[in-house]
Amino acid sequence: FGRRYAVKDVDLDWSPGTITAVIGPNGAGKSTILGLVAGRIASSQGTVGYGDASNNTVPRKNIGYLSHASFLYRALTCRENIQLAADLHGMNDPSRVDEVLGRVGLAEHGNRFVSELSRGMVQRLAIGRVLLSSPGILLLDEPTTGLDEAGRAWLTDTLKDLAQRGCTVVVVSHQRGFLQGLATHALVLRRGRPQFSGEVTEAGGWDGLFQEYFGS
């Protein structure tokens, strides 16, 4: 961005069936990494390969991306928001909308406007929009925002289930406890450069990783 590199010298591999935590201080480049992989940001150098290493075309239909913004329409109901996303994905099965609402715990709130929802309910609906197309690559930027303890436990179980089904899950979060119970892999960033990338066990577990790279 201008003369400043938000991300530089990153070389990594995220495999199907894994859950990777992207961690680092504010401004480390975490959200930029997700934006690059999601195809929302164009890289000034380097490439991102999907599946076959020679395939650099962003498979947008196979990527679920949750950013800081919910991308929900406040003047529409929960059901209308999910139905709109289904229409945009060319999904014609109306039962899928109800299935998603049930999966995120909003089955009884389908006819409520987004403007009427609590912050946690909005987050659940935003996650539902991302899960709608059953993406093979799931990129989540601070997904626990607004979620209570029960919501975080639900999200943990949901993401673990998706990984077991072969989904590639990547999570940016500052919630250490949430990540410890979820991710088996980590990417540690500082000033846009990777400090560690691999299985958490290689760094001596979560405690060893945080002690080594964050001093706590």
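Reader: Is D9 buried or exposed?
Author: D9 is exposed, at a relative accessible area of 57%. Buried means under 20% relative accessible area, exposed over 50%, and partly exposed in between, with a 1.4 Å probe and protein chains only. This is a predicted model, where local features need pLDDT of at least 70, side-chain atom pairs count only at pLDDT 80 or more, and totals for chains, interfaces and linings use all residues. Residues are numbered from 1 along each chain as its sequence is written, and side-chain values use heavy atoms, with hydrogens and water left out.

Reader: Which side chain does D9 meet in a salt bridge?
Author: That of R193, at 3.7 Å, N to O. A salt bridge here is a side-chain nitrogen of Lys or Arg within 4 Å of a carboxyl oxygen of Asp or Glu. D9 lies in the segment before β1 (19-23) and R193 in strand β6 (residues 193-199), so the pair ties together parts 184 residues apart in sequence. Helices (H or I, at least four residues) and strands (E, at least two) are DSSP runs, numbered from the N terminus. R193 is partly exposed, at 35% relative accessible area.

Reader: How many salt bridges in the whole structure?
Author: The search finds 7. Among them is E99 with R96, at 2.8 Å, N to O. These two are 3 residues apart in helix α3, so about one helical turn separates them. R96 is buried, with a relative accessible area of 12%, while E99 counts as partly exposed at 45%.

Reader: And what does R165 pair with?
Author: D161, at 2.9 Å, N to O. Salt bridges with shared partners join R103, D161 and R165 into one network.

Reader: Switching to α2. Which residues are buried there?
Author: In α2 (residues 78-88), C78, N81, I82, A85 and A86 are buried. They cover an arc of only 135° around the axis, which puts them on the same side of α2; the arc is that of the directions from the helix axis to the C-beta atoms.

Reader: What covers them?
Author: The cover includes α3 (95-103) and α4 (119-131), with contact meaning heavy atoms within 4.5 Å.

Reader: What comes just after α2?
Author: G90, which takes a positive phi of about 70°.

Reader: How many disulfides?
Author: The count comes to 0, a disulfide being a pair of cysteine sulfur atoms within 2.5 Å. C78 is buried at 0% relative accessible area, and C167 is buried at 6%.
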